[in-house]
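Work through the two exercises below with the sequence and the model in view, and try each task before you read its solution.

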Amino acid sequence: MTKRINSALISVFNKDGLDEIVKLLAKQNVKIISTGGTAEFIRKLNVPVTEVESITNSPSIFGGRVKTLHPNIHGGILNRRDNAEDQKEKAKHKIEDIDLVIVDLYPFEETLAKGGTPEEIIEKIDIGGIALIRAAAKNFNDVLVIPSKKQYGDLATILKKGAESTLEERRRLAGEAFAVTSVYDSAIREYFQN
């Protein structure tokens, strides 16, 4: 089943290649929701962006450790569009759908390889990004997930054909998303076991 992308949540560490994606989203009139540095980057491209804080009604706290971990964000991703009860709850809590999630995780392995301090390494364990990827991948029936910049080419192809994704595309990218989280978590596990 084809799904139109009306809104996108973008939360990335590395902005490389993001400008083309943002411009394609803007061209397709997709509402862009974003966090701190990513929102600033998008604004500099003269593309309208909605700050996550305006949706959560909460500031980014604990040095940015908590930004997207909120029911208004995860509810927008995880609600099942074909489930009447989910839709009633969504309306009751005034939660808006999020149709596309684009994440590029904190560079844990790179920080480790560069010999970062224990504090630097721990701060590069992504929590919100992993949660966003897993939520979007779990709800692939309704949501398209782009779990790293390696999938920007796939997304550009989808956006160029009209900002609609097929179930097959969403399912394939959900599989890639779990591959990304699996490798990431394995690296973290290895760090703690050594």
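**Exercise 1: a pocket and its lining**

By class, the lining of the second largest pocket has 10 nonpolar, three polar and six charged residues. The model is predicted, with local features needing pLDDT of at least 70 and side-chain atom pairs pLDDT 80 or more, while totals for chains, interfaces and linings use all residues. Residues are numbered from 1 along each chain as its sequence is written, and side-chain values use heavy atoms, without hydrogens and water.

Task: state which helix gives the largest share of the lining of the second largest pocket.

Solution: Begin with the space in this pocket, about 420 Å³. Of its 19 lining residues, D104, E110, S148, K150 and V180 are the closest to its centre. Helix 6 (108-113) and helix 10 (167-193) each provide at least two lining residues, and the largest share, five residues, belongs to helix 10.

**Exercise 2: two helices that cross**

Task: decide whether helix 8 and helix 10 are roughly parallel or roughly antiparallel.

Solution: The axes of helix 8 (residues 128-138) and helix 10 come within 9 Å and cross at roughly 150 degrees. Angles over 145 degrees count as roughly antiparallel and those under 35 as roughly parallel, and the two helices are therefore roughly antiparallel to each other. Their crossing is left-handed. In contact (heavy atoms within 4.5 Å), I130, I133, R134, A137 and K138 of helix 8 meet A174, A177, F178, T181, Y184 and D185 of helix 10. By class, this contact holds seven nonpolar, one polar and three charged residues.

Methods:
1 Å grid on protein atoms, 1.4 Å probe; cavity = no way out; pocket = protein on both sides within 12 Å on 5 of 7 lines; lining within 4 Å. Points joined across faces, edges and corners; volume = space filled by probe spheres on them. Helix = DSSP H or I, 4+ residues; strand = E, 2+ residues; numbered from the N terminus. Nonpolar A, V, L, I, M, F, W, Y, C, P; charged D, E, K, R; others polar. Axes fitted to C-alpha atoms, helices over the stretch in contact; angles between N-to-C directions. Parallel < 35°, antiparallel > 145°, perpendicular 65-115°, else oblique. Left-handed = near helix turned anticlockwise from the far one by under 90°.
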